[in-house]
Amino acid sequence: MNKELALLAYVTRLGDNALILAQRMVQAVTLCPELEEELANANFGLDYIGQARLFYSYAGKLEGKGHSEDDFAFLRDAHEYRNVLLLEQPNGHFGDMMAREFLFESFYLLQLDALQSCDDTGLAEIAARAVKEIRYHLRHVSQWIVRLGDGTDESHARMQQAINDHWPYTGELFSADAVDVLLRSDFNGPDLDVIREQWQANVAAVLSEATLGKPDDGWMASGGKQGRHSEHLGYLLAEMQFLQRSHPGANW
Amino acid sequence: MYTQGLDQQGPANERREGVESPADIAAFQARIDAEEKIEAKDWMPAAYRRTLIRQISQHAHSEIIGMQPEGNWLTRAPTLKRKAILLAKVQDEAGHGLYLYSAGETLGTSRDEMVNDLLTGKAKYSSIFNYPTLSWADIGAIGWLVDGAAIMNQIPLCRCSYGPYARAMVRVCKEESFHQRQGFDIMLKLSRGTEKQKEMAQDALNRWWWPSIMMFGPSDTDSKHSALSMAWKIKRFSNDELRQKFIDVTVPQAEFLGLRVPDSELEFDTATGHYKFGAIDWQELREVIAGNGPCNRQRMARRRKAHDDGSWVRAAARAYGDKQAAKKAAA
């Protein structure tokens, strides 16, 4: 793989992460526990859709084959999606959603922060914009981890279970493959080992405030970044893509 | 704390308003007639308060339940741009619900009480949201017709005699007119698109036209709340006036789209300058309001489930808040 292909793959992955999480958030609309959370959930979903559009449009430009943001979103199959497995996990209950978002955004914030100073201007610009959004998402979601962890006995138990259930999907965030390595070496991209240490410390601090235990790093799931997904992604895409698939070439 | 405070306010107000002297009522009506705004702390007749609570809470509930038919297409929106616009719209509706509940709270009824009335079926919401969204074109039709009808109803509410409601409506109307344009834009794209897209648009108009016309409520002769609301300047135009205005504005838009309005009696009357239209199926409206529309049970079941599923979260947030308050007090 050359550096241009690595950059394209990396930007597409960022778009996939943003879109798959957005789609999960969209599925939760009208199901939130409070009206204020409906607003927050929709707000964050909008941020992610916006980020996906920026990443995909840039990927289309890098690829140079005339593919639009919608071609990337609606006309690729599951094995072509490169999002991490954590994000395609079903919503479960509110605590599950918060756990997934917390574990991911604790990573994503550091990733974007590092990308702001990478050598590719296009990517650095998108990262600089996205990092502001993710900073306030993470503040919001961390507050929920603390509230639910240190709330009632029931919420504590549910939140601990949610953290435990999502933990095995965090390993993939830090396992560098050829794309990550090239982005680091040729574009001054993020150092995943450094990010992992910061992530561990930040996550541990929030979990501790939430009176929650930090799970041990045991077996970790992997494959999303290589296009080997869980069964969940196929359904998510089938639902999301159906209009584009059943009306080829139509304008909307 | 805030809502508890409001709960306690009720009986005090009732006592104060228990004695409604003819002089008080006349003075109140004089303020209304002089186009003065009534504010939360002002004296008002109990019936005026009740009417507003009923109307504002119904309006808020409609925003909340109205998120469902549109939310039904969020996961399937055909482009990322359309998905973002629709999500922003549904978010606006949640926001409208929030400030309408707040406007309702200024009248001494807590949001919890209002929500409880919705969940127990005591309070109603707009009949229109009990119809299903079966294709993407329905999202266009809702924006164009339903939001169009809502705007007709709501623009006069910006001048409603009750200040907090009028001010909330100014903001709501700005956002609604944006929604309406977006809906029309979806219909325009479809009606200029493939044959299948055109069919989709026509089918949506066929299904949404009459329910939209019914949104203005019973005809003036049968409307039980209208006369007093007009006198109190909560309402400025009658149901039938607004309905006629909506039809007059909307029919030419349908023609521009190349779509046929599903009313064989529709005809422009050059003498009056208005469209004549066919008979409305009032039995259908009565059924939908009575709970027998295509989606009444589904909408309420989803709302109740979301409320029940969220109860442990709300309990945790309260418990956490109490713990923090206790820590602060001890420090």
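**Notebook: a predicted model, chains A and B**

I began with contacts in chain A (contact means heavy atoms within 4.5 Å): among those between residues at least 6 apart in sequence, 81% join residues at least 24 apart.

I noted the ground rules next. The model is predicted, so local features need pLDDT of at least 70 and side-chain atom pairs count only at pLDDT 80 or more, while totals for chains, interfaces and linings use all residues. Residues are numbered from 1 along each chain as its sequence is written, chains are lettered from A and ligands numbered from 1 in the order in which they are written, and side-chain values use heavy atoms, with hydrogens and water left out.

**Chain A as a whole**

I looked up the elements and found 11 helices and zero strands. Helices are DSSP runs of H or I with at least four residues, strands are runs of E with at least two, and both are numbered from the N terminus.

I checked the radius of gyration, which is taken over C-alpha atoms; the globule rule is 2.2 Å times the number of residues to the power 0.38. Chain A has 18 Å, which agrees with the value near 18 Å for a compact globule of 252 residues. Its C-alpha atoms fill a box of roughly 55 × 40 × 30 Å along the principal axes.

I then read off burial: 58% of the 252 residues of chain A count as buried. Buried means under 20% relative accessible area, exposed over 50%, and partly exposed in between, with a 1.4 Å probe and protein chains only.

**A:D16**

I located A:D16 in helix α1 of chain A, residues 3-27. Is A:D16 buried or exposed? A:D16 is buried, because its relative accessible area is 0%.

I listed its contacts, leaving aside neighbours within four places in sequence: A:Y56, A:R76, A:E80, A:Y81, A:R82 and A:N83. With A:Y56 there is a side-chain polar contact of 2.5 Å. A polar contact is a pair of N or O atoms within 3.5 Å; within protein, one must be able to donate a hydrogen and the other to accept it, and residues adjacent in sequence count only if both atoms are side-chain atoms.

**Two positive phi values**

Most residues other than glycine have a negative phi. I found that A:T30, not a glycine, has a positive phi of about 75°. A:T30 is in the loop between α1 and α2 of chain A and is buried at 5% relative accessible area.

B:E35 is in the loop between α2 (22-33) and α3 (46-71), and B:E35 is partly exposed at 41%.
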